[in-house]
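Subject: Structure handover

Hello,

Here is the structure for you to take over. Please open it first; my notes follow below.

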Amino acid sequence: MQSKLSSDIIVEILMRLPVKSICRFKCVCKLWCLLISDPTFIKRHLNLAIIDKDIEHQRQKPILRSSSTPSLYHVECDAMTSNDVMAVKLHFPLISSFDKVKFIGSFNGLLCISLEPEKLVLFNPATREQKVKRIPNLYIDINRSLDDRVSRPPIYGFGYDHSFDDYNVVKIMYESIVYVYSLKTDTWRRAQRFSYRRFNSDSGVHLNGAVHWVFARGKDSPLVSMPRLIVAFDFAEGKFRELPRPYDDAENVTAVGVLGGCLCWLGEQQDFWVMKEYGVKESWTKVVIGVPFLNLRPLCFLKNDEALLVINEGLIVYNPREDTHREIVIHGINGRGKLEIETYVESLVSPNVWNWELKEISD
């Protein structure tokens with residue numbers, strides 16, 4: 001007599017499978033297609049990666065692009081056990097006609113990309129949907145010189161507002177004006193005025209419902225003499241706030257990062273700081289690594305608790321227990337330009353979550 005699995009067991013099995021396999025199983029039958037497309041199943045599949053570190057490591061992937069080509073690539077974290085890793089090209093034809101592609105950020109499997117300073121899109125690299133969400137352009141009629149607009153590109157940050165179950169993009173432009181895009185409403189809204197000074201045009205890093213940067217306060221003093229501050233834009237509150245720094249004298253710090261769900265204060269030389277408990281000054285912990293650097297960006301932890309870092313524009317695997325490191329060489333990427341690297345966790349989340357009109361991509 002043929003036994004049948006209960007629907008609950010089928011769901012438990014499917015939730016633990018990679019996104020690529022699940023997408024194929026949509027073709028098994030209409031019932032499975034409806035199940036896999038159900039928002040509740042999508043959230044359960046995503047949440048499992050949050051609570052289960054083994055599954056998180058399985059679904060976590062670095063995504064790369066070279067400054068010499070607009071193509072996107074990804075690599076498997078499991079392949080980082082070797083020092084030579086082969087990159088796989090992603091099918092994303094929309095970017096082929098743009099030469100200023102830039103990663104804004106990722107969350108819950110959605111990747112936000114700037115095709116040029118005023119063109120943003122959202123897409124899911126794992127599901128490889130044939131449609132991407134093109135964020136509507138935001139044009140502000142303001143009396144500023146053309147030189148000012150060209151020399152100071154906007155600053156972006158991408159993240160998620162848990163209180164409204166909404167994906168947001170924050171845009172800072174003309175040194176003072178702030179707008180926030182809502183994926184749920186597909187609109188931009190004006191936010192609190194920006195009263196800080198920036199050091200560069202780097203995108204902010206998302207953590208705990210806020211996007212974080214290193215800024216300076218004030219407009220009159222020379223920028224080089226101003227103290228560095230950790231400034232966060234909170235999506236739920238729609239305003240900026242400051243977080244405590246590990247120390248006050250921070251003239252060489254111009255960036256923050258996220259590693260293992262903790263905020264990082266990134267300087268230069270051979271150390272950086274990790275905030276073990278978000279918002280608590282006393283939780284800052286100094287991490288000294290045996291790799292001298294001018295710039296550092298943490299990406300993620302690998303299965304064996306090694307850290308994947310970008311140091312001096314190279315990809316490094318650092319072992320904190322043994323204080324050793326090894327360089328990762330990426331093969332299979334066309335061109336020899338500077339590598340830009342972002343990480344994402346594979347998910348079933350769609351940029352079409354609220355069924356807005358999407359932009360078709362085609363060869």
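A term to begin with: residues count as buried under 20% relative accessible area, exposed over 50%, and partly exposed in between (1.4 Å probe, protein chains only). By that scale Asn-208 is partly exposed, because its relative accessibility is 45%.

Some ground rules. The model is predicted, so local features need pLDDT of at least 70 and side-chain atom pairs count only at pLDDT 80 or more, while totals for chains, interfaces and linings use all residues. Numbering starts from 1 along each chain as its sequence is written, and side-chain values use heavy atoms, with hydrogens and water left out.

Overall picture

The chain has 6 helices and 27 strands. Both are DSSP runs numbered from the N terminus: helices are H or I with at least four residues, strands are E with at least two. Of the 363 residues, 50% count as buried. Contact here means heavy atoms within 4.5 Å. Take the contacts between residues at least 6 apart in sequence: 52% of them join residues at least 24 apart.

Helix packing

Two packed helices are described by the angle between their axes and the distance between the axes. Axes are lines fitted to C-alpha atoms, for helices over the stretch in contact, and angles run from 0 to 180 degrees between N-to-C directions. Angles under 35 degrees count as roughly parallel, over 145 as roughly antiparallel, 65 to 115 as roughly perpendicular, and the rest as oblique. A crossing is right-handed if the near helix is turned clockwise from the far one by less than a right angle, left-handed if anticlockwise.

Start with helix α1 (residues 7-15) and helix α4 (residues 39-51). Their axes come within 9 Å and cross at roughly 50 degrees. The two helices are therefore oblique to each other. The crossing of α1 past α4 is right-handed. On the α1 side, the contact uses Val-11, Glu-12, Leu-14 and Met-15; on the α4 side, Phe-41, Arg-44, His-45 and Leu-48. By class, that contact holds 5 nonpolar, 1 polar and 2 charged residues. The classes: Ala, Val, Leu, Ile, Met, Phe, Trp, Tyr, Cys and Pro are nonpolar, Asp, Glu, Lys and Arg are charged, and the others, Gly among them, are polar.

Helix α1 also packs on helix α3 (residues 30-37). Here the angle is about 60 degrees and the axes are 12 Å apart. That pair is therefore oblique too. Again α1 passes in a right-handed crossing, this time of α3. Ile-10, Val-11 and Leu-14 of α1 meet Trp-32, Leu-35 and Ile-36 of α3. The residues of this contact are 6 nonpolar, with no polar and no charged.

Cysteines

A disulfide is a covalent bond between the sulfur atoms of two cysteines. How many disulfides does the model have? With a pair of cysteine sulfur atoms within 2.5 Å as the rule, the count comes to 0. Cys-264 is buried, at 0% relative accessible area. Cys-112 is buried as well, at 0%.

Loops

Back to Asn-208. This residue sits in the loop between β14 and β15 (210-217). Asn-208 and Tyr-160 are 48 residues apart in sequence, but 8.5 Å apart C-alpha to C-alpha.

Ser-203 is in the loop between β13 (196-198) and β14 (205-207). At 18% relative accessibility, Ser-203 counts as buried. Leaving aside neighbours within four places in sequence, Ser-203 contacts Lys-102, Phe-103, Ile-104, Tyr-156 and Trp-213.

Asp-305 has phi near 70 degrees. Asp-305 lies in the loop between β22 (296-301) and β23 (307-311) and is partly exposed at 46%. Asp-323 has phi near 55 degrees. Asp-323 lies in the loop between β24 (314-319) and β25 (324-331) and is partly exposed at 43%.

Val-88 is in strand β4 (residues 88-89). Val-88 is partly exposed, with a relative accessible area of 41%. Its C-alpha is 8.5 Å from that of Leu-72, 16 residues away along the chain. Not counting residues up to four places away in sequence, Val-88 touches Leu-72, Tyr-73 and His-74.

Best wishes
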